[in-house]
Amino acid sequence: MEIKKLIAHIPARAGSKRVKSKNLRMLCGKPMIAYAIECAKSCPDIDEIYVNTDCPTIGALAKEYGVNIFDRDPALASDTATGDDFTIDIIERLNIDTLLMISPVCPLITHKEVSKAIEFYKSNQSADTLIASEETSMQVAKEDGDFININPTGPLQPSQNNPKIHICNWAVTIWNGETFRKNYRAYGGGYCGTNRIFLPLDPNKSVKVSYEQDFKMVESLLSVDNPRFTNASPSYWLPS
């Protein structure tokens, strides 16, 4: 898909229930959201970068790191607001042609993965949406017992023979703005797009921080290259 202008946004609301203030929590020497900001700043194909937030402290951090702040309406940062809602908001208000999202809760993603996503998206002329995923050929079943990628009435085949399944993690996502608008107007959602493609990521790069144990896992992986950092008591970034 052709990209006229590529805007990156990093969504980061103030409230987080499962891990307190996770975007500001220090992770091997810097706040977790800083990894996404530095990742975006290292991608030459990105024209503008915004931290999309309702939080003044996160806004102060964005300013310190030299990126734009998109002031999110607090109503779009509630527990009931959807990703579709705050995404259409920035697309409409900034009249965005192509929007790239880098998730701040996937701090192991680097500019290499983002650049790969951009090139993959550009090379697929019919695509209007790119979604980062984890790829598996393991046997996958729904909660009701129905299998998705195997026939349960036949012999169990080696897993490598099964159709591949993409588990969306949204670490990096790219949307065509016009398609998102069209879908949002039609049914209130544009996240999944219409002509979507998937970018499988290395599972070690796409770890998502949703729970406390995830944070500890990411700390451990980052500490391999930064042995001076240890899993001390949680601390948080504050404006200077």
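Start your tour by selecting Ile7, which stands opposite Glu48 in strand E4. The model you have open is predicted, so local features are described only at pLDDT of at least 70 and side-chain atom pairs only at pLDDT 80 or more, while totals for chains, interfaces and linings use all residues. Residues are numbered from 1 along each chain as its sequence is written, and side-chain values use heavy atoms, with hydrogens and water left out.

**The sheet**

Now select residues 6-11 and 48-53: these are strands E1 and E4, which pair in the parallel sense over 5 bridges. Strands (E, at least two residues) and helices (H or I, at least four) are DSSP runs numbered from the N terminus, and two strands pair if DSSP finds at least two bridges between them. Strands of a sheet pair through backbone hydrogen bonds, either parallel or antiparallel.

Widen the view to the open sheet: 7 strands in the order E5-E4-E1-E6-E8-E7-E9, with mixed pairing. At the edges you will find E5 (68-71) and E9; each has a single partner strand, so one side of each is left without a neighbour in the sheet. From one strand to the next, the twist averages 35°.

Next, colour residues 32-41, helix H1, which lies across E1, E4 and strand E6 (98-102) and runs at about 160° to E4. Axes are lines fitted to C-alpha atoms, for helices over the stretch in contact, and angles run from 0 to 180 degrees between N-to-C directions.

**Ile49**

Stay in strand E4 and pick Ile49. Is Ile49 buried or exposed? Its relative accessibility is 12%, so Ile49 counts as buried (under 20% relative accessible area is buried, over 50% exposed and in between partly exposed, with a 1.4 Å probe and protein chains only). Beyond its neighbours within four places in sequence, Ile49 is in contact with Ala8, Ile10, Ala40, Lys41, Val67 and Asn68; contact means heavy atoms within 4.5 Å. Draw a C-alpha to C-alpha distance from Ile49 to Ile69: 8.4 Å in space, for 20 residues in sequence.

**The aromatic cluster**

Show the side chains of Trp170, Trp175, Phe180 and Tyr191, which ring pairs link into a cluster. Rings of Phe, Tyr and Trp (its six-membered ring) pair if their centres lie within 6.5 Å; planes under 30 degrees apart count as stacked, over 60 as edge-to-face and the rest as tilted. The count comes to 3 aromatic pairs. One of them, Trp170 with Tyr191, is tilted, at 5.1 Å centre to centre and 55° between the planes. This pair links distant parts of the chain, 21 residues apart: Trp170 is in strand E8 (165-176), and Tyr191 is in the loop between helix H5 (177-187) and strand E9 (196-200). Now turn to Trp175 and Tyr191, also a tilted pair, with 4.9 Å between centres and 50° between planes. Trp175 is buried, with a relative accessible area of 1%, and Tyr191 counts as buried at 15%.

**Charges over rings**

Select Lys30 and Tyr35: Lys30 lies over the ring face, 4.5 Å from the centre. Then try Arg72, whose charged end sits over the ring of Phe86, 4.1 Å from its centre. The rule here is NZ of Lys or CZ of Arg within 6 Å of the ring centre and within 35 degrees of the ring normal.

**Last stop: cysteines**

How many disulfides does a search of the whole structure find? The search finds 0, taking a disulfide as a pair of cysteine sulfur atoms within 2.5 Å. For Cys28, the nearest cysteine sulfur is that of Cys106, 16 Å away. Finish at Cys55, whose sulfur is 20 Å from the closest cysteine sulfur, in Cys106, too far for a bond.
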